[in-house]
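Subject: Structure handover and notes

Hello,

Please read the two together.

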Protein chains: 8
Amino acid sequence: MELKVYLSGEIHTDWREQIIQGCQANDLNISFYSAVTDHDKSDAAGDVLGAEEKSYWRDHKSSKVNAIRTRTMIEKCDVAVVRFGDKYKQWNAAFDAGYCAALGKPYITLHSEELIHPLKEVDAEAQAWATTPAQVVDILKYIVCK
Amino acid sequence: MELKVYLSGEIHTDWREQIIQGCQANDLNISFYSAVTDHDKSDAAGDVLGAEEKSYWRDHKSSKVNAIRTRTMIEKCDVAVVRFGDKYKQWNAAFDAGYCAALGKPYITLHSEELIHPLKEVDAEAQAWATTPAQVVDILKYIVCK
Amino acid sequence: MELKVYLSGEIHTDWREQIIQGCQANDLNISFYSAVTDHDKSDAAGDVLGAEEKSYWRDHKSSKVNAIRTRTMIEKCDVAVVRFGDKYKQWNAAFDAGYCAALGKPYITLHSEELIHPLKEVDAEAQAWATTPAQVVDILKYIVCK
Amino acid sequence: MELKVYLSGEIHTDWREQIIQGCQANDLNISFYSAVTDHDKSDAAGDVLGAEEKSYWRDHKSSKVNAIRTRTMIEKCDVAVVRFGDKYKQWNAAFDAGYCAALGKPYITLHSEELIHPLKEVDAEAQAWATTPAQVVDILKYIVCK
Amino acid sequence: MELKVYLSGEIHTDWREQIIQGCQANDLNISFYSAVTDHDKSDAAGDVLGAEEKSYWRDHKSSKVNAIRTRTMIEKCDVAVVRFGDKYKQWNAAFDAGYCAALGKPYITLHSEELIHPLKEVDAEAQAWATTPAQVVDILKYIVCK
Amino acid sequence: MELKVYLSGEIHTDWREQIIQGCQANDLNISFYSAVTDHDKSDAAGDVLGAEEKSYWRDHKSSKVNAIRTRTMIEKCDVAVVRFGDKYKQWNAAFDAGYCAALGKPYITLHSEELIHPLKEVDAEAQAWATTPAQVVDILKYIVCK
Amino acid sequence: MELKVYLSGEIHTDWREQIIQGCQANDLNISFYSAVTDHDKSDAAGDVLGAEEKSYWRDHKSSKVNAIRTRTMIEKCDVAVVRFGDKYKQWNAAFDAGYCAALGKPYITLHSEELIHPLKEVDAEAQAWATTPAQVVDILKYIVCK
Amino acid sequence: MELKVYLSGEIHTDWREQIIQGCQANDLNISFYSAVTDHDKSDAAGDVLGAEEKSYWRDHKSSKVNAIRTRTMIEKCDVAVVRFGDKYKQWNAAFDAGYCAALGKPYITLHSEELIHPLKEVDAEAQAWATTPAQVVDILKYIVCK
């Protein structure tokens, strides 16, 4: 079984690469998908459609362009991994988790122990909670084993 | 048209009461629904099912009990209002917004200008962004007018 | 059987009133729903959320507020009547028809013979094409008869 | 990620070719789908099933044959681009947009500034509004980038 | 539990009345729905929209008007009873059964032993096969008992 | 909020009555639904449709008649309580739980500690696991509180 | 675009072969699917599961085995062609049409003029009515043209 | 037609191998999917995420990890075979059957005559009941024949 995995959330650490490389090292039959993770490029996704004076509308346009990509990927994926780092609001990650939950799409959360309480609702709908990318690799390896 | 409105998010200010009273003052045909907003009671929702030593599992059990209520209400409501205060992570509010988005359920966000950038993905799927409860009342009043 | 009927489209003639009064005169068990049909009020639906310099964003905000009402009504209705007058673009009416079609919601078009060719795709998914409000009343009367 | 893009609307200018060639020039992994864009051929799609004296029924038969193609393509596509030119009614384009909206299928509108007000409801559900085919190419390029 | 029951099929015998009266005699909390069962009236359902020379289009228009009623009722009902008499093609009854099957809506068939073989696919998706209206009453009585 | 609760599973103890009476004692706004819990009556549900020599077909007919009731109730309910006693196979209870899970319908399991391991997949999709009817009453009371 | 076409109905004439060969002669990118069309083999589909004395149960078992194939194919196809010959009841063909209609799956009917009236409800939901296999080939050729 | 078959249930006999080998011997175009059938490995599926003192939570974590695999496979498969052996509770098999039923996914049960009565509800929604793997092979061979 080929598995499609969507990687959602934090963009300031290399957790995506760790998971992808860990799965490749195990030769797993998995395809990975992500939002555009270059922060500046992502914030500017809608700029080509015309400049905006208000930051709200610039953000609005870029977010909607980004959503074409992310919503499509989430709907096509089999499993999502949703990462919450220790900084920033990361409401988009929680939003993606809620989106997955409503679609009945399984997801794994990836966050430290410190975030247990504020993420309790997000974890309650998750299929698993991991604290390291290596654990996620182990879970994915298990899921696609023959 | 009777409208069912779900009020999601921040529990530390009286925004819910302001919206409900504002709608009642206008004699609008609207029913309001919310999660249990008593923080301690909500955290203890699963305690009756047995004590847990690990905080993760206590949170897990309570969140799942709370979700029986919140998921049911969200699926029954016509519109949601999702409030983000200036403090706390409030990932459950972003989760609810994502859940609404995936269901095609319209929602209105309620937050200050400071939160525009971190909430851009959540706002991008919203039908409206308000900064005060009074604006939400005005929008609801418009929606249910004859 | 109580029938919920959504009246979509043209706002410059009294076709809505003719249908509603015709049904009332026949004492039919039908509830009618419509978008806000006061043009100025509808265009200003989002103004309470803050002024916009660009007409695009003013329209955007108002349309999204109006959509809370119209999408909710369309999803709750049993049948829609979609009216195209001889003037104006009326793309929102065609949009509503497409929305109904995708939901499998039956709709009746109401337009003159002159519009047959440009409306052929919209009529192709309709359950009936009427040229007068009186015909719509007759069809509705038939549908809810005992 | 291979992207399936449906191109809906105006058939009198070469906007489709501009988008397709622009994407090919960038070597993007995108497949394009369209209704039959030869106007006469499209109007005659149902003629093989027998002649009709009334134009309504000729249009009806052809539209229903065309819909086998267009509904199938819309349901299979990931994104639609909906083009409104400055002439003609183009209700089928607005119909397609409504159809996409109800399915939760993202779409991009392509039209000039003059059409902002009459297209406000259609734009309100769109993920982006472009004024040139080149902008659409840029957006698609962004969406499928690695 | 109030049960909504749709009665589909044969219109030349009084099986509907037998079921309705049998349920009333037992004071069951059931509402019954049917297509318009007056044959001439049903065939003429679309005539108000204009005369047609070809019988195909007259039938087409009337069938589509009737479908507004029947599709709505089938989608609202909890259970359908689909009756096949010993005469006529009754393809609309089989069509309704297929429609119910695809929606996951339970239905009971009502027909004589002679029709077992030609109705085998229709019976295979049914929840029950009855040969008399009295049996249907007994089944409905059982279903709604406290 | 009025809550519809479906009570599934074991029929040899009075757990249903305990839950219903506990909720009534608390004056909770809850309606309860159940399969026919009279074992003999349930096994004979299809007998009215004709005798069967093979036990398989007798069971088949009765189960399909019962399913009209149970599937309808499960689809209408907001929450299910699925009870596993210490005896018998009770595959129908596990079947109902799987049915709820696929529909995204929340359910609470009710069983003793001894059954944790064999019920692990069923509990994994549940919103809560209770060991006594009184706990279920407490959870329901919490869910419907104002 | 590759098109999946399901061929439903009459098994006593060579209409399937005519359509398949006509499409092959035009080198169309179409895959065809059908129920098992060997009448005896189809009636015996369930015999391997054990003999039945009653014809009802033999038919029941075979029909349910056949439905595994036909339901799967209908749900995977893009378009169905539903053929009604001049003999036999062919309720399974009407059942398939209703199934397609409820799924929003487009279908083309294929029958002679004599059957217009009894098939009016089935035709009313069809995208096209053809009287010869050659017409169906023409329609399919049009649908998949570039 | 390539068929995807999910094999659910009993893990203590070689029924899966018998079916797979029987299909391979017939050169059938079928892919098979299963949960991880190594009992110890399956029970330990969640151990990598951290040890648990309570057996309930160990089971809970492992079951949820396993469900990522099994739910994904069930939703992708065309048909399921659900096996009940003569020992053990096998509630997960009944759960899978209920899950399939709610999704409208066809399934075949595989069990001995002794289990007819306790499995009556599970069999009632099945497309076929087989007593030997060889019968399942025969049914699958029939379903995918040309």
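Two strands are said to pair if DSSP finds at least two bridges between them. Helices (H or I, at least four residues) and strands (E, at least two) are DSSP runs, numbered from the N terminus.

This is a predicted model, in which local features need pLDDT of at least 70 and side-chain atom pairs count only at pLDDT 80 or more, while totals for chains, interfaces and linings use all residues. Residues are numbered from 1 along each chain as its sequence is written, chains are lettered from A and ligands numbered from 1 in the order in which they are written, and side-chain values use heavy atoms, with hydrogens and water left out.

Sheets

In chain A, five strands form an open sheet in the order S2-S1-S3-S4-S5, with parallel pairing. Its edge strands are S2 (30-34) and S5 (128-130) of chain A, each of which pairs on one side only. From one strand to the next the twist averages 25°; here and below, axes are lines fitted to C-alpha atoms, for helices over the stretch in contact, and angles run from 0 to 180 degrees between N-to-C directions. Strand S3 (residues 79-83) and strand S4 (residues 107-110) of chain A pair in the parallel sense over four bridges. Within that pair, Val81(A) stands opposite Ile108(A) in S4(A). Helix H3(A) packs on this sheet and touches strands S1 (3-9) and S2 of chain A, its direction making about 140° with that of S1(A). Contact, here and below, means heavy atoms within 4.5 Å.

Chain C also has an open sheet of five strands, with the order S2-S1-S3-S4-S5 and parallel pairing. The edges are strand S2 (30-34) and strand S5 (128-130) of chain C, each pairing on one side only. Strand S4 (residues 107-110) of chain C pairs with S5(C) in the parallel sense over three bridges. Thr109(C) stands opposite Trp129(C) in S5(C).

Helix packing

In chain B, helix H1 (residues 15-25) packs against helix H6 (residues 133-144) at an angle of about 35°, with the axes 9 Å apart. H1(B) passes H6(B) in a right-handed crossing. A crossing is left-handed if the near helix is turned anticlockwise from the far one by less than a right angle, and right-handed if clockwise. On the H1(B) side the residues are Trp15(B), Gln18(B), Ile19(B), Gly22(B) and Cys23(B), and they meet Pro133(B), Val136(B), Val137(B) and Leu140(B) in H6(B). By class, this contact of H1(B) with H6(B) has seven nonpolar, two polar and no charged residues. For these classes, Ala, Val, Leu, Ile, Met, Phe, Trp, Tyr, Cys and Pro count as nonpolar, Asp, Glu, Lys and Arg as charged, and the others, Gly among them, as polar.

The crossing of H3(A) and H3(C) is left-handed. Trp57(A), His60(A), Lys61(A) and Lys64(A) meet Trp57(C), His60(C), Lys61(C) and Lys64(C) there. The contact of H3(A) with H3(C) has two nonpolar, two polar and four charged residues.

Chain pairs

A rotation of 180° with 0.0 Å of shift along its axis superposes chain G on chain E, with an RMSD of 0.0 Å. The two copies are thus related as by a two-fold rotation axis. Copies are superposed by least squares on the C-alpha atoms of residues with pLDDT of at least 70 in both. Since 100% of the interface residues of chain G are also interface residues in chain E, the copies meet through the same surface. The contact takes 38 residues from chain G and 38 residues from chain E. Chains G and E bury about 3,300 Å² between them, 65% of it on carbon and sulfur atoms; buried area is the accessible area (1.4 Å probe) that two parts lose on being put together, summed over both. Tyr56(G), Trp91(G) and Phe95(G) supply 24% of the area that chain G buries against chain E, more than any other three residues.

Chain C and chain G do not touch, and their nearest C-alpha atoms are 7 Å apart.

Loops

Tyr88(C) has a positive phi of about 65° although it is not a glycine. Tyr88(C) lies in the loop between strand S3 (79-83) and helix H4 (91-103) of chain C.

Regards
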